[in-house]
Amino acid sequence: MVIGGYARHPVLLARAVATLPVAAANARSLAILGVDHVHAHFATYPLLTAWLCHRLTSVPYSFTAHAHDIFIDQSFLRPRLAAADFAVAISHFNRGFLAAYGGDRATPVHVIGCGIDLSEYWYRPRAPGPSGAVRALCVASLKDYKGHRFLLEALAGGPPELERVQVDLVGDGPLREPLRQLVLELGLGDRVRFHGALPEPAVTRLLDDAHLFVLPSVVAPNGQMEGLPVVLMEALGAGVPVVATRTSGVPELIRDGETGLLAEPGNPSDLRNAIMQLLADPSAALRRADAGRSLVERDHDVCRSAAVLVRLFQGSAPWADEDRLPHEASPAPSK
């Protein structure tokens with residue numbers, strides 16, 4: 001089955017075959033330790049390992065689907081989903097995606113938002129002032145689906161009011177040099193700082209200094225897109241006003257006009273307008289910051305998310321209405 005499932009993708013097949021001895025060793029450990037359930041994070045080789053262990057030992061398994069693990073390639077996903085006791089999606093968007101492969105028919109799919117430790121983030125609601133420099137922060141790997149190019153183009157094409165926005169880019173990746181070149185071509189050399197990859201304490205300090213957070217994500221040509229970005233939860237948890245794009249599960253977290261502002265992905269003009277809207281109305285930005293913090297406290301506290309997952313392991317429904325996150329979560333997007 002494994003060979004047939006990956007036959008059309010030789011590279012993936014080689015990796016899958018390499019997983020077989022790992023799974024056999026894990027299966028042996030499960031039997032020795034008397035493990036009664038396996039949970040895999042990511043629907044790629046961790047899920048394949050859990051499925052193989054199940055085939056060898058009959059130990060039931062479940063898994064959590066995040067982002068790249070389901071969006072880029074779906075080889076052999078359907079049978080592994082069908083054999084699982086249940087699956088967890090981090091957003092309603094992901095749940096809808098899994099439905100196309102049998103989710104919610106033979107196998108229940110529960111939505112449990114990933115979370116953060118809110119004690120790590122000092123909540124200080126803030127908004128850009130009426131004058132002076134505005135520090136915008138973007139924390140994202142320098143890859144296609146993060147959409148940095150559209151943020152740079154948005155900043156370069158704006159009115160004088162937008163010229164006071166300065167951007168700190170945290171992250172590294174294959175687009176570092178092309179983006180550096182674009183910054184020079186657009187005349188943004190004195191307004192954009194590349195920090196590279198930074199440890200978490202350094203990112204937290206930049207977040208505390210930021211007046212706004214921007215994540216201009218898009219869908220990459222290979223299908224890669226956001227899952228439910230933890231960095232947006234961190235920004236909301238710290239009280240930083242957020243501008244993001246309507247991709248995957250992002251609108252479930254950044255609710256346009258309520259917890260942040262949304263722009264169309266890949267549209268510099270729309271992104272520019274959202275940033276300008278934030279600059280023009282600081283009091284609204286503060287209200288959205290309060291609403292964003294409340295949403296994270298309610299639905300994305302890591303301790304609460306973990307407790308819900310434990311209840312699933314114990315065989316009970318995480319809450320009365322399994323089709324919704326607690327406290328009126330956004331509906332699943334249409335496919």
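Q: Quick one on terms before we dig in: when do two strands pair?
A: Two strands count as paired if DSSP finds at least two bridges between them.

Q: Which way do the side chains of S1 point?
A: They alternate along residues 38-41.

Q: What about confidence, what's the mean pLDDT?
A: This is a predicted model, and its mean pLDDT is 91, with 94% of the residues reaching 70 or more. Watch residues 320-335, where the pLDDT is below 50. Beyond near neighbours in sequence, that stretch still has 32 contacts in the model.

Q: Now the six-stranded sheet. What's the strand order?
A: The order is S7-S6-S5-S8-S9-S10, in an open sheet with parallel pairing. S7 and S10 (261-263) are the edge strands, each pairing on one side only. On average, neighbouring strands are turned by 25 degrees against each other, direction ignored.

Q: Which helix packs on it, and what does that helix touch?
A: Helix H12, residues 268-280, packs on the sheet. H12 touches S5 (134-139), S6, S8 (212-215), S9 (242-245) and S10, and its direction makes about 160 degrees with that of S10.

Q: Zoom in on S6 and S7. Over how many bridges do they pair?
A: Four, in the parallel sense. Leucine 169 stands opposite phenylalanine 194 in S7.

Q: Switching to electrostatics: how many salt bridges does a search of the whole structure find?
A: It finds 15. One of them joins aspartate 168 and arginine 193, with the closest N and O atoms 2.7 Å apart. Aspartate 168 lies in S6 (165-170) and arginine 193 in S7 (192-196), so this pair ties together parts that are 25 residues apart in sequence.

Q: Is aspartate 168 buried or exposed?
A: Buried: its relative accessibility is 2%, against a cut-off of under 20%. Arginine 193 is partly exposed, at 29%.

Q: What does arginine 176 form a salt bridge with?
A: With aspartate 172, where the closest N and O atoms are 3.3 Å apart. Both partners are partly exposed: arginine 176 has a relative accessible area of 22%, and aspartate 172 has 37%.

Q: And arginine 298, what's its salt bridge partner?
A: Aspartate 299, with a closest N to O distance of 3.8 Å. Arginine 298 is partly exposed at 26%, whereas aspartate 299 is buried at 5%.

Q: Which residues are linked in a network of salt bridges?
A: Arg124, Arg126 and Asp208 are linked that way.

Q: Let's do packing. In the largest nonpolar core, which residues touch the most other members?
A: Leu151, Val165, Phe213, Leu232 and Ile254, out of the 62 residues in that core. In soluble globular proteins, nonpolar side chains tend to be buried together.

Q: What is valine 165 in contact with, leaving aside its neighbours within four places in sequence?
A: Val134, Ala136, Leu155, Arg191, Ile275 and Leu279. Apart from this core lies another one of 35 residues, including Leu30, Val38, Phe76 and Met225.

Q: Phe76 again! What's the phi of phenylalanine 76?
A: It is positive, about 65 degrees, although the residue is not a glycine. Most residues other than glycine have a negative phi. Phenylalanine 76 lies in the loop between H4 (68-71) and H5 (77-83), and it is buried, with a relative accessible area of 8%.

Q: What about serine 58, where does that one lie?
A: In the loop between H3 (45-57) and S2 (61-65). Serine 58 has a positive phi too, near 70 degrees, and is exposed, with a relative accessible area of 57%.

Key: Residues are numbered from 1 along each chain as its sequence is written. This is a predicted model: local features need pLDDT of at least 70, side-chain atom pairs count only at pLDDT 80 or more; totals for chains, interfaces and linings use all residues. Side-chain values use heavy atoms; hydrogens and water are left out. A salt bridge is a side-chain nitrogen of Lys or Arg within 4 Å of a carboxyl oxygen of Asp or Glu. Helices (H or I, at least four residues) and strands (E, at least two) are DSSP runs, numbered from the N terminus. Buried means under 20% relative accessible area, exposed over 50%, partly exposed in between (1.4 Å probe, protein chains only). Axes are lines fitted to C-alpha atoms, for helices over the stretch in contact, and angles run from 0 to 180 degrees between N-to-C directions. Contact means heavy atoms within 4.5 Å. pLDDT is the predictor's confidence in each residue, from 0 to 100. A nonpolar core is a set of buried Ala, Val, Leu, Ile, Met, Phe, Trp, Tyr and Cys residues joined through side-chain atoms within 4.5 Å.
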